[in-house]
Structures are given as structure tokens and as C-alpha cells.
Amino acid sequence: MNHETTVTDEQTGLIGRSWQRTSLALQQRGVIGVLFTMPVGVILLLLLAYPFVLGIWLSFTDTIVGRTGKFIGLENYLYLIFDDVFLLTTFNTLLYTAVAVLLKLIFGFALAIVLNRDFKGKGLVRAIVLLPWIVPTALSTIVFWWLFDSQFSCFSWVLMKMGLISTPIDFLGNPNNARASVIAVNVWRGIPFFTIGLMAGLQTINQSLYEAADIDGAGPWVKFKSITLPVIMPLLAVITTFSIIWTFADFHLIWIMTRGGPANATHIYGTLSYQRAIPGGHLGEGAAISIFIFPILLVCVLLTARYLRRED
Amino acid sequence: MPQGFLQKLVKFYIPLALFLLFLLFPFYWMLVTTFKSDVELYNLSLNPFYIYTWSLTNVEHLIFDTPFLKWLYNTLLVSIISAFISLATSLLAAYGIQRIRFRGSNFMGIAIFFCYLVPPTILFIPLATMVFKLKIWDSLMSLSLIYPTFLIPFCTWLLMGYFKSIPKELEECAMMDGASRLWVFFKVIVPLSLPGILSAGIFAFTLSWNEYLYALTFISSSAKKTVSIGLVTELVRGDVYHWGPLMAGALLGSIPVALVYSFFVEYYVAGMTGALKE
């Protein structure tokens, strides 16, 4: 009897120990944590972190399509900073980002304030407001492309009927008109993001603050400056950061409407790097251009990181 | 009362109407152009905002004379596959980071957030060389594989926020009763976070449907194009723009996303604002 039990114990022990070890390991936070996050980690390392580094490496090489390049140091960068088209592109990118983000912020905020009250059909209006954001940008851009047609634009038609102009406006053929047009489309598409984001923030403001301000005789501007803005500031900062990054790194809107033209007036980093790398075949040079997006990204990331830390 | 109404008119109705006009006009224009015949479309003496005789020629041309339906199918396929991959992996990762709290989980959370900020414009050239080396050039597989790179960070971030709102006690009770992590994950966490999963899924689907740069770079044969790429590259030949079919394509190509969106507006808005507040 006694003998028998010992044997059984030993047997279970032998079989059980390795199983036990695995199960113990599986109960450890570190091991389970790694198992849960591994798929995402692997995908992001292979398809995001690795290409990011590869992109930096490519920018130091003279790689062209079909031929592995060799290391040429800063040659691509040196070539670019003396390239007039690149300098114009830098100017365009900054102009495009600054004007478009500012307008999206102003109009998006204004619409959020207009909508920040209870009214019949609020849900429906909110759903409609988000439409430009939902619809694929490439497709809505095609519509604008047609709206800005040099002969059949309905805007020109209206203005001509009103007798304000005699010939159709050349929206996309004139450098400054083209710049204004692409900015307008970007603003159209980006307003909903600001509006819906800020509406969520506006709802959290305690209405009694405004009532108290009313009693003190504060005007709308004072109320906006000293109640609305301080409460909404953190959210506004995050939304603006996102918008700056997306606008700075924009591509398809401009590529579809103007391909960077006329006379490179609407080229931004994204479109120029695509043009030189894919149709042009100069992968190294294209990579170097896209690397210029990185500094603004870095500034935004650092600002957000500081903000996130303050939140904690 | 009249003064109150006047105030409301100036402060609410008029601005609202102007904004809606601005935001919706392109959609109206898309509709009007789709259902016009070419004769009417290019006749400047007619009122362009009005359809005199409705015509389906543009839609017919698009469906029967171009591979539009094939493009629609490709887009749908890629969007579903990449949304599925992203959701499945993000769910696990978000749970791991938010709830298991192992060493390095904070770092991973922040790293994933920063991944979200890296735009495709920086990655498409190195990815193009990788896709070429892997011999998946000009295939839908390349898109299904690469789209998750911009979907996962967003989905993970959104789901992390969601998991935060689920009381820890629920898990602890189940684990005290001897349930394993996986059991808790599938039987407690996943059912409770279905709204969050739905938001993330809708986002993933619409974001892949909207993608343009990767598809433009990696795909070259007509039969493998997505809607956005196909329309712009095949319906514009040199200086000849087929505006009617183009608008029909923009309309039909937007409908699937608009449908998905209209059914789940609340989840979409919740996801958007939830992700921003994190």
C-alpha cells in the first residue's frame, strides 16, 4: 500500500513537472504579456520599424528601380537643397500645412460651437457633418477635380451668369489658384475631424460656468477666452497635432488634382517624393525627400509626448 | 419671442445652413453629374445644377465597359482581410498592454501610439522595395499585408481605451475561480468590449477602403486595382476626362463605406472621440 503510493507520486511528479513548469510560466505576467503582444509586435517591427530604417538607409544610396544602389553619403541631400523644385516644394508644403490647418481649426471650431446645443435632428446633422471625412478622399477629390474644371466648372458658370467674370476661372492651371483650390479641398475634408472631436470636448464644459459669467456680465468673447478655451485646450492640441501631421504628409488629394503642377506650384514633399521615386525611378532621392517629413513629425511627436506625460 | 427667433436664426440656422451647404455640395454635384447624359453635361447654356433628362448611360458605361465591379470586389476583399488581421492582433495586444501590465507594457503602449503617427508617405518607398523583393508586387496580398501597419496602431490604441473602462474585478473573480487568462479574455473581455471592437472594425474597414498611396505604388495591372486607383488611372486617358462615369464611380465607390458608416454612426463617433481623449 505504502510502496504503491510512492510510485504513483513519483510517476505523477515526473509527468507533471514539465507540464507544471509550462503552466507556471503561463501564469507569469511577463510571459503572457509577450504572447499577447507578439503578433502586433512582429507585424509592426517587420512592416513599420524596418521599412522606416530602410528608408533612411535608401536616402543615403543612389538606388534606382531595378538596381541596388551603393552608399553615397549625403549626396542626395546636398543635391536636393540646391534643387529649385525641392525648395519650391518646401515652401509649398509649409504654406499648404499652415493655411489648411489654420482654416480647418477656425471653421471646425466654429461649427462645433454652432452645433453645441440641443436641437431636433442633432444626431442626423452630426452624421452628415462627418460625411466628407468618411467618403474616400480619392473619390471626393475626383468630384472637386471636376468642380474645378477649366471649362465646365459650375462655380465659373454661376459667376459668369452673374456677370462678375467673362471667361471661366482657370482653377488648376494658374499657380496661385491651384494652391487655393487644393487647400480648399483639404479644408473641406478636414473640418469634420475638428468639429466632431471638439464637440465631445465642448459637451464636458459645465454650463453653470457660463451662467455665472452671464451674471457677471461677461461678453461672448470673454466667455470663450476664459471658459471654453482653457477647458478645450488639451483636446484642441491633440487634434491640431494630428491634423498637422496628416496635412504635412498629404499625398493623394494633390496627386489626383494637379500632380504637383502647374509649374510645380502645388508639389508637396509627398507628391515630389512619389514622382521622383516611382514614375521617375530614383528611389534613393525619393526616400531622401520623404525623410524631410520626419523633422515635423518629430516635433509633433515630442510635443504630444510632453503633453501625454503631463496628463499622467 | 421674435427677437429670440432672430437671434437663433443668426447664431444657429444661418451658420448651420452655410456649413451644410459647403460640406454637402460636392455630393450633390456628384449625384447630378452621374445621372446626366453627356449632351447635357457639356452644354453650357443649360443650368448645370439641374437634370433635364435623367440618364443611366454613365452608370452603364462604368459597370459594363470598365472593370469597375472587379475593382469594387478587390477593395472589399482587401478591406475585409486587413481589417480582420488588424482587429484580431490588436485585440490581443491591447489586452496584453492594458490589462496584463507586464514589464515593458507601458513602453509598448507609447511605441504603438507613435507608430500611428508615422505617415505612409515616409514608408512607401522602402515598402515598395520590400514588396518587390518578396515577389508580391502587383498583388492584393501586398495590400492586405501592409494595410494593417496603419490600422493596428489605431485599433490597439482605441481598444486599450475600451479595456480601461471594464472593471478589473470581473476578471479577478473569474481568475479566482480558476479560469485561465485566455478563457477570461474570450469569455469575459471580448463580449464586454463588443462596442469597442465594432468601432475599431468600422475604422479599420473605412481606412483601408480609403487608402490610396500604397495601392497606387504596388499595383499596376488593371484587374488588381482598387476603386480609387482604378478610376483615376483608367478613366482619365491623357487629356480626355470621362466625367460622367468618373462621378458614377465616385458615387458607387463611396456607397459601401457610407452604408457601413450609416449603420454604425454612433460607434464611429464614439471611437473617434474616445481615441482622441486617450
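User: Which helix of chain B is B:V269 found in?
Analyst: B:V269 falls within residues 265-277 of chain B. This is a predicted model, where local features need pLDDT of at least 70, side-chain atom pairs count only at pLDDT 80 or more, and totals for chains, interfaces and linings use all residues. Residues are numbered from 1 along each chain as its sequence is written, while chains are lettered from A and ligands numbered from 1 in the order in which they are written. Helices are DSSP runs of H or I with at least four residues, strands are runs of E with at least two, and numbering starts at the N terminus, which makes the one holding B:V269 helix α15.

User: What does B:V269 count as, going by its C-beta neighbours?
Analyst: With C-beta atoms placed from the backbone, a residue is buried if 20 or more others lie within 10 Å of its own, exposed if 12 or fewer, and partly exposed in between. B:V269 has 19 such neighbours inside 10 Å, so it counts as partly exposed.

User: Which residues does B:V269 contact, leaving aside its neighbours within four places in sequence?
Analyst: Contact means that two C-beta atoms, placed from the backbone, lie within 7 Å. With the sequence neighbours left out, B:V269 is in contact with A:R126 and A:I196.

User: How are α9(A) and α11(A) arranged relative to each other?
Analyst: Helix α9 (residues 175-202) and helix α11 (residues 220-248) of chain A pack at about 160°, with their axes 10 Å apart; the axes are lines fitted to C-alpha atoms over the stretch in contact, and angles run from 0 to 180 degrees between N-to-C directions. Angles under 35 degrees count as roughly parallel, over 145 as roughly antiparallel, 65 to 115 as roughly perpendicular and the rest as oblique. So α9(A) and α11(A) are roughly antiparallel.

User: How many charged residues are in the contact of α9(A) with α11(A)?
Analyst: Among the α9(A) residues involved are A:F193 and A:F194, and the α11(A) side includes A:L235 and A:I239. The contact has 8 nonpolar and 6 polar residues, and the number of charged ones is given as no charged.

User: How many residues of α14(A) are buried?
Analyst: The buried residues of α14(A) include A:L283, A:E285 and A:I291. The helix is largely enclosed by the rest of the structure, because the buried count is 9 of the 9.

User: What is phi of A:R259 near?
Analyst: Most residues other than glycine have a negative phi. A:R259 sits in the loop between α12 (252-257) and α13 (269-277) of chain A. Its phi is positive although A:R259 is not a glycine, near 55°.

User: What phi does B:K135 have?
Analyst: B:K135 is in the loop between α6 (120-133) and α7 (140-146) of chain B. B:K135 has 9 C-beta neighbours inside 10 Å, so it counts as exposed. B:K135 is not a glycine, yet its phi is positive, about 60°.

Key: Ala, Val, Leu, Ile, Met, Phe, Trp, Tyr, Cys and Pro count as nonpolar, Asp, Glu, Lys and Arg as charged, and the others, Gly among them, as polar.
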